[in-house]
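Take a walk through the fold before looking at single residues.

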Amino acid sequence: RASVSGGSSDTSSLFVESVVFVTTAPTPAPELTGAQLADNGLTIDVLLDRDASLLGWATPSFPCTLLLQYSGARTQDQCSWINARTVRMALQSTEIVVGDVITVVGNVLFVADRTSVAAVGSSSAVLAAPNNPAVPTLSQPAYTVSPQSIQACSDVDVTLRAVGNTGGRPVTITWSAQVTSGPALGAGDAALLGAALSAARNQSALTALVLPVQRSYSIGINVTNWLGRSRATTVVITKPAFDNPQMAFATAGVNETHPVVIDLQNRAEAGSVSIAVNAQLPTLCGEPGAHLAYEWEQVTDTSALSTVQRALVADLGLTTSLVSPLASTTTSTLTINATKLLHPYRHYAFRCSVSVAGGSADT
């Protein structure tokens with residue numbers, strides 16, 4: 001507004017009034033500042049930089065895909081507001097992992113006082129690892145072993161029982177084995193055992209495990225969840241030796257108490273004397289190449305049977321033979337050259353021992 005007065009004797013004056021218009025920009029829409037897995041690996045907390053208006057959001061939960069974008073997103077994934085700055089994701093998806101990007105969908109979030117226009121763009125955060133990832137838990141006992149009474153011919157099953165703190169995803173299971181007592185495994189047996197352990201990877205059961213006999217084994221089980229934490233346990237399995245082979249004299253009228261009598265007056269005509277022994281192979285579970293091994297020993301005399309002295313074949317002209325080494329029943333014959341027996345009234349004692357794979361033996 002302005003006014004002017006004039007005249008030769010008047011004093012001129014000017015009045016001016018003005019109005020200033022001030023505009024305020026709306027508060028930016030909330031943006032993501034971070035995302036972190038829970039220690040149990042089952043949920044994710046998504047954090048915003050300011051309070052969001054929760055008006056219009058379904059309660060108590062809503063599909064995460066209405067608000068967020070991420071790897072393996074599914075409509076079954078449910079989100080809920082923990083507070084105005086935190087959204088908790090409960091996932092059915094097993095694809096999202098630490099390091100993946102989570103993005104808030106544009107045009108859906110307002111600040112709490114509703115002064116903001118919808119977000120034109122979107123914001124993202126990288127999924128961080130838990131502060132203290134959960135360690136898998138195992139039942140007590142952690143495994144079952146079948147059969148309960150393990151024999152030489154038993155195939156063994158070891159089954160892992162329930163596992164906790166898996167993070168809602170499959171766990172990684174590795175099996176191992178080592179001989180804790182008894183002879184070391186041969187290359188062939190070790191290769192077969194290693195193949196069985198590899199085949200059982202990520203399986204909850206080690207089935208039909210063939211373990212060579214007369215040894216104790218420590219079977220190791222290691223469980224790792226997708227959060228990278230592990231729990232291990234061991235089970236000790238002992239395989240006994242095979243049953244002993246059964247032996248019997250095969251020469252008529254000869255046994256431990258009835259000796260072969262040689263008439264030295266007619267030793268030239270006697271020629272040779274044979275003593276035969278049969279042995280019955282025990283049940284060996286179909287182990288390939290199993291057979292009986294005989295050993296003859298000369299004992300100095302009948303009063304010293306506890307002292308075994310191996311005699312050179314040339315001493316008495318001894319020879320041995322073995323019949324059908326791979327049959328279930330075998331025969332071994334000791335032949336003595338009677339012309340070598342020069343001492344009258346002398347007792348010659350011989351011992352036959354038979355052994356089989358697994359350490360079983362008879363005499």
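Strands β7 and β8 (residues 123-128) pair in the antiparallel sense, over four bridges. Two strands count as paired if DSSP finds at least two bridges between them. Helices (H or I, at least four residues) and strands (E, at least two) are DSSP runs, numbered from the N terminus. Within the pair, T103 stands opposite S124 in β8.

This is a predicted model: local features need pLDDT of at least 70, side-chain atom pairs count only at pLDDT 80 or more, and totals for chains, interfaces and linings use all residues. Residues are numbered from 1 along each chain as its sequence is written, and side-chain values use heavy atoms, with hydrogens and water left out.

Now step back to the protein chain. It holds three helices and 24 strands. Of its 363 residues, 32% are buried. Buried means under 20% relative accessible area, exposed over 50%, and partly exposed in between (1.4 Å probe, protein chains only). The accessible surface of the protein chain is about 20,700 Å², and carbon and sulfur atoms account for 52% of it. These areas come from the Shrake-Rupley method with a 1.4 Å probe; for residues, only the protein chains shown count as cover. A contact here means heavy atoms within 4.5 Å.

Where do β7 and β8 belong? They sit in an open sheet of eight strands, with the order β3-β5-β6-β2-β1-β8-β7-β4 and mixed pairing. β3 (62-63) and β4 stand at the edges; each has a single partner strand, so one side of each is left without a neighbour in the sheet. The partner of β4 (residues 68-69) is β7 (residues 101-104), joined in the antiparallel sense over two bridges. There, L68 stands opposite V104 in β7.

The loop between β6 and β7 deserves a stop. D100 lies in this loop. D100 touches S71, E95, A125, V126 and L127, leaving aside residues up to four places away in sequence.

V97 is found in the loop between β6 (86-90) and β7. V97 and L37 are 60 residues apart in sequence, but their C-alpha atoms are 9.1 Å apart in space.

Move on to another sheet. Three strands form an open sheet in the order β10-β11-β14, with antiparallel pairing. β10 (143-146) and β14 (205-209) stand at its edges, each with a single partner strand, so one side of each has no neighbour in the sheet. The twist averages 10° from one strand to the next. Axes for such angles are lines fitted to C-alpha atoms, for helices over the stretch in contact, and angles run from 0 to 180 degrees between N-to-C directions. Four bridges join β10 to β11 (residues 156-160), and the two run antiparallel. The bridge partner of Y143 in β11 is L160.

Backbone geometry comes next. Most residues other than glycine have a negative phi, and most peptide bonds are trans. A cis peptide bond joins Q140 and P141, with omega about -5°. P141 is found in the loop between β9 (137-138) and β10. Another cis peptide bond joins S146 and P147, with omega about 0°. P147 is found in the loop between β10 and β11.

Positive phi values complete the tour. A208 has a positive phi of about 50°, although it is not a glycine. A208 lies in strand β14, and at 48% relative accessibility it counts as partly exposed. Q214 is also not a glycine, and its phi is positive, near 60°. Q214 lies in the loop between β14 and β15 (215-224). Its relative accessible area is 36%, so Q214 is partly exposed.
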